[in-house]
Amino acid sequence: MNAMSEEKGMMTKKKTLGNGVVGILAESVNKWERRAPLTPSHCARLLHGGKDKTGISRIVIQPSTKRIHHDALYEDVGCEISDDLSECGLILGIKQPKLEMILPDRAYAFFSHTHKAQKENMPLLDKILADRVTLYDYELIVGDHGRRLLAFGKYAGRAGLVDFLHGLGQRYLSLGYSTPFLSLGSSYMYSSLAAAKAAVISIGEEIATQGLPSGICPLVFVFTGTGNVSLGAQEIFKLLPHTMVEPNRLPELFEKAKGVSQNGLSTKRIHQVYGCIVTSQDMVEHLDPTEAFDKVDYYTHPEHYKPVFHEKIAPYTSVLVNCMYWEKRFPRLLSTEQLRDLTDRGCPLVGICDITCDIGGSIEFVNRATLIDSPFFRFDPMNNSYHNDMEGNGVLSMAVDILPTEFAKEASQHFGDILSQFIGSFASTTDIEELPPHLKRACITHGGMLTSLFEYIPRMRSSDPEDTADNTETGFSNKNTYNTLVSLSGHLFDKFLINEALDIIEAAGGSFHLTKCHVGQSTDAESYSELEVGADDRAVLDQIIDSLTRLANPNEDYVNPSKETNKISLKIGKVQEENGAKEKPEMMTTKKKSTVLILGAGRVCRPAAELLASVGNISAQQWYEACLGSDPGEQTDVRVLVASLYLKDAKETVEGIPNAEAIQLDISDSESLLKYISQVDVVISLLPASCHTVVAKTCIEMKKHLVTASYVDDATSMLHEKAKKAGITILGEMGLDPGIDHMMAMKMINDAQVRKGKIKSFTSYCGGLPSPAAANNPLAYKFSWNPAGAIRAGRNPATYKHNGETVHIDGENLYDSATRFRIADLPAFALECLPNRDSLVYGKIYGIENEASTIFRGTLRYEGFSETMGTLAKLGFFDNEANQSPAVGKRITFSDLLSKILEMGGENGTGPVTGEKAISERISNLGHNREAAAKAAKTIVFLGFNEEREIPASCKNMFDATCLLMEEKLAFSGDEQDMVLLHHQIEVEFPESRRTEIRRATMLEFGSTKNGATTTAMAKTVGIPAAIGALLLMEDKIETRGVLRPIEPEVYLPALEILQAYGIKLMEKTE
């Protein structure tokens, strides 16, 4: 039986581990834990990309009624919903699962909190080892910069400060002050981070206009720490009207406030708050007054320093926002006794926002963790008492330990954006040796054994610090002849330096016993351990001490300390020096700088330039964070260069756009083109399609990405291998049609195919139209550019497939093929559609040519357009033959030309045209039905063909004359708006269930007017996608190289998200 069980276990292992099937756990540790390691959009990208590319074949979601994203949203993108994860080779969570939920011979990834030998989590590690589980710990995935890739620090800071501002309003009210903070809710009460920020901004506006009571001012927020937690809290704070103050200027600030009060102006309202960022040099001083603060020395010998925060900073602090890591060997930030003395002296401290939730840590009286739904307690230092209300004396305190989950949606998006980049490696790997180094280092166990980097854990476990914590007061527990106590601090566990330290001790023949261990709880936090190191030979112990010290200071000369001391302190790991200069708050984050070159300064350019130039600004934070998973401090600042043959055009385009610059450039000047492309990161070409090849070849030469909104033609396609070899992407068809139409279609199609559906029918309709209010002419149509292209498009032949039959339409019959069209969700629009060129090409592009019996793409117009245009075409208004041109040297009017084309007034066509009725009758006499004739006559008169106005010499034929009048009479005027309408419909058949589903996707966008300038819907829906394409390439969200259309999930999924976040409305419906 044992052999059979072992064989069965091996078979299970083969079936599951590395099989590409991913499971997502239902979080069970805390009722507030609503985060997910992957959102539905991440799952969609992984599934749509295909197993060959992503390593993921299936995703199974354990049902949860509290997860931030509902189960149905995962199911919609092709995930399976099931409690049973037995078929999953990789199982993901956020927090550690219950022990009974762990399945043997699988891979798990979550925050395990085991790699530092944390005693409370050792039962979990034992279970994992016994069940031969491969364990990946998110905390250990470290990038090339040496920092953790997966962390929630900024979200803790953001949620923490919002929550505390909520409580601050209540606390001030109990003290007799009404403040704008009273109207703010807790973080979890808002639907999104953006909504919470909007609420804080609203409070800030009230402070700016109405002010704060002088009795609580100056209201000073002091922030400790400079890591992500502190930056997140500062980000929320800076949404308020504020001034940042250096620590040494706090007394001056209060002296000014005191002076105002003494002058009898105590009723004056203060219209801002103050912020101050303090670091260790503001918290301690050297015991020797002649010695200056030295960070390296302080971290190595904290016993040489005394606390001064309570003397220099706390007396001027209203709210202490604690975001720093602290170890017991350092002086406390604020002790209970110090707070009591401060209270006696009338300190303005009203609250402690301890985001670190370090119980009994740097703030001594924070002795408990609080809950999201009851986050505050009141501590009265005068009688050392704790209270759960807001009334009475004392300091308001908050110490919630699960803050990031309050912004579960954004935190999950941020986390999944990073995790999804390498989750495929975890899911498809059976041999961890095949993993990239940074992922291999995150693997703690594999096949029932600890991996080599974590072999120190049993050694740490065998020395329980609780058993010997007090031994150092009376003597050493080691039985060696010679012993010493060694203090190690630094990134001992996340950078595996503890391995090296223990190896040094054992290799020399010494022994060790762990007496103290405090592990860092954040990405920037260091750990601290004390080891009792012993040896029977004094020379061996000296060798160990010397080796450890060299490990701690690899770039420094070492002088052996006095052999009489039995305790030394070592700093393990690298400490960055500040060179005596303190960074200002605004210098704490650096933003990546990128430049985009836009070629062409037409109408489409401005919306593209506006989007790109806005990146890095606070106005872009909402969609940038949500869609690209980047924090504001990590956003890219984009400089935009707009190039045109005529500098004046480029200057007009960039007017009023920050970070945008106009340049003159002739692309036929290869030297200038090369110069500008070499200086940028991405190029967007909005030039005519015939110019793209020249630009593309230069981009390949300079290894720069290129985006266009034009069709990928044969000349561009031929550059695929060259672009791929150069390591660049040429992203074409990134506009409206083509562009948004591709992306909406592929999202629907892939969603269906992931769920094993077959596409039976695909129909797509798109049109640029005047808004209903602007459709105020007989054609119900207007042009925002020269009408020649649109008129010629109406003469193009078309091909499509309908119910399995291929249908061909000749160009001369295109208008006659128009059919009535209605959209159920937009019943007010009376539309018609015309077949749009070769629809069958899209069956191949979308991969549905062999399964869809109907493939149709149409152009939308208001009903009646095609009948009138068809009549005009048959009458010859669009002819460009030479015999239609006026006689050379002869003055001719539009009326004369009309008479000639309608054969009115005899041979020479010079007779008078009497009006609309006469024109209608003549058209009818030429064989057209009366209704069509009447509509055509109305259009002819509206255009001015019956006017006695001389035709310009530039009009060489009837086509030219018609284009001229249409450009004059069918142009948008004033603040009239255009409109873009795009509508897809697919019919999906699910063979397994024999069910049919109709899915529809619609985009409706109107032009807009701002500050007297109108931006057309057409310009927005062409320019914005092109800009998004450039942004995705800048942020390395698109990994495919070569010539590419936006039909890949890595392009269309984030692009559609940004479109919607930026304000382009996309609607989807399923029946």
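**Close-up 1. D105 is a buried residue, with a relative accessible area of 4%.** Here, buried means under 20% relative accessible area (1.4 Å probe, protein chains only). Although D105 is not a glycine, its phi is positive, at about 60°. You will find D105 in the loop between strand 4 (90–95) and strand 5 (107–111). Helices (H or I, at least four residues) and strands (E, at least two) are DSSP runs, numbered from the N terminus. As background, most residues other than glycine have a negative phi, and most peptide bonds are trans.

This is a predicted model, in which local features need pLDDT of at least 70, side-chain atom pairs count only at pLDDT 80 or more, and totals for chains, interfaces and linings use all residues. Residues are numbered from 1 along each chain as its sequence is written, and side-chain values use heavy atoms, leaving out hydrogens and water.

**Close-up 2. N384 has a positive phi, near 55°, and is a residue other than glycine.** Its place is the loop between strand 14 (376–380) and strand 15 (385–387).

**Close-up 3. A cis peptide bond runs from C217 to P218.** Omega for this bond is near 0°. Look for P218 in the loop between helix 7 (193–210) and strand 7 (220–224).

**Close-up 4. The peptide bond from D737 to P738 is cis.** Here omega is near 15°. P738 sits in the loop that lies between strand 28 (729–731) and helix 28 (740–754).

Conventions:
Buried means under 20% relative accessible area, exposed over 50%, partly exposed in between (1.4 Å probe, protein chains only).
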